[in-house]
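Here is a short walk through the model, one neighbourhood at a time. Keep the structure open next to the text and click along.

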Amino acid sequence: MAADDTVLPAPSGMDTPPPSQSPKTILLKVYRHNPNANAGEARMVTYRVPYRRGLTVVDALLWVKEHVDPALAFRYSCRMGICGSCGMLINGEPRLGCETQIAELESDVVEVGPLTNYAVIRDIATDFSDFFSHHRRVRPYLIRTENGALEPPARELTQTEAEKFAYYQFTMCIMCGLCDAACPIVAFDREFLGPQALAQAYRFAADSRDQGWRARRDIVDTTHGCFRCELAGSCSAVCPKGVDPALGVQLLKRAVLRGRAPR
Ligand code: FES
């Protein structure tokens with residue numbers, strides 16, 4: 001994906017730890033491209049970054065941004081695996097940059113790039129417009145009437161443990177988009193709702209408090225809906241929260257074929 005490979009040394013000066021304090025460095029190869037600025041082809045730029053115990057990929061990118069190039073673009077917020085902002089390709093795999101320690105990669109050369117299946121806005125920052133649009137399309141909230149109107153419940157809606165267990169794992173989704181980045185169907189069909197949105201469709205369809213099955217079924221049982229999934233399973237393999245979107249999509253297919261909500 002790169003046209004060039006330039007090694008930039010760590011700058012000297014007060015911000016750079018002297019070699020005696022930081023004897024080890026890593027090579028961070030970062031995808032650089034600004035499609036909107038007519039700034040030439042995408043290229044990989046290599047930075048030498050001081051290593052310390054516990055250093056994450058986001059830490060390393062921040063070091064580059066603070067010490068070498070403030071224009072480096074990437075997304076992050078919580079730095080604790082909660083917000084889902086820092087999805088990126090790390091040594092070719094979709095991962096969270098804030099949860100990936102350099103040490104676990106077992107290499108002194110780390111390659112970082114934008115998530116696949118998303119358009120690049122700049123460098124590692126990608127465009128999530130389609131992803132959020134697909135998420136919104138499956139109506140990711142409890143629908144309390146069959147005609148789709150949202151109405152506040154007149155009483156507390158209780159559930160048994162078993163009813164909660166039916167959908168609970170899918171509530172762990174942090175919308176990081178790694179599953180869609182790993183999906184081979186999303187790669188060629190950008191209208192495919194994708195594993196994240198479909199798993200969330202299942203999450204609400206399987207909730208005993210929801211009454212919106214008909215409306216949601218008509219959204220997922222389409223050309224670009226759940227039956228587009230070919231069960232590669234790569235979405236579940238990369239989820240940082242242990243969610244199994246591939247399972248959600250298969251359960252959704254079963255519900256559509258049975259003609260009733262999945263409970
Ligand atoms: S910065 Fe929030 S999940 Fe990584």
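Let's start at Ile 174. Setting aside neighbours up to four places away in sequence, Ile 174 is in contact with Gly 81, Ile 82, Cys 83, Gly 84, Leu 96 and Lys 241. Keep in mind that this is a predicted model. Ile 174 sits in the loop between helix H4 (161-165) and H5.

What does its side chain make a polar contact with? The partner is the side chain of Arg 209, at 2.7 Å. Beyond residues up to four places away in sequence, Asp 207 also touches Leu 142, Gln 159, Tyr 167 and Arg 263.

Now for strand E4. Gly 87 and Leu 89 point one way from E4, while Met 88 and Ile 90 point the other way, and all of them are buried. Leu 89 shows up in both pairings: its bridge partner in E5 is Pro 94, and in E6 it stands opposite Gly 113. E4 and E5 form a hairpin with two residues between them, and Asn 91 in the turn has a positive phi of about 50 degrees.

Met 88 leads on to the core. Leaving out neighbours within four places in sequence, its contacts include Val 57, Val 58, Leu 61, Val 112, Ile 124 and Leu 178. Met 88 is also among the residues that touch the most other members of the largest nonpolar core, which has 36 residues; Leu 28, Val 49, Val 57, Leu 61 and Val 112 are the others named there. Which elements each supply at least two residues of this core? They are strand E2 (25-32), strand E3 (43-50), helix H1 (57-67), strand E4 (87-90), helix H2 (102-105), strand E6 (109-113) and H5. The largest share, seven residues, comes from H1. Domain 1 (13-126) and domain 2 (128-258) each give this core at least three residues. Apart from it lies another core, of 28 residues, among them Val 138, Leu 193, Cys 239 and Leu 251.

Last stop: helix H3 (residues 129-137), where Phe 131, His 134 and His 135 are buried. These three are on the same side of H3, because they cover an arc of only 100 degrees around the axis. What covers them includes helix H5 (178-182) and helix H7 (194-205). After H3 comes Arg 139, with a positive phi near 55 degrees.

Methods: Residues numbered from 1 in each chain as written. Predicted model: local features only at pLDDT ≥ 70, side-chain atom pairs only at ≥ 80, totals over all residues. Heavy atoms only, no water. Buried < 20%, exposed > 50% of the residue type's maximum accessible area, 1.4 Å probe, protein only. Helix = DSSP H or I, 4+ residues; strand = E, 2+ residues; numbered from the N terminus. Arc of directions from axis to C-beta. Contact = heavy atoms within 4.5 Å. Core = buried A, V, L, I, M, F, W, Y, C linked by side-chain atoms within 4.5 Å. Domains from an automatic or database assignment. Polar contact = N/O pair within 3.5 Å; in protein donor to acceptor, adjacent residues only side chain to side chain. Pairing = 2+ DSSP bridges.
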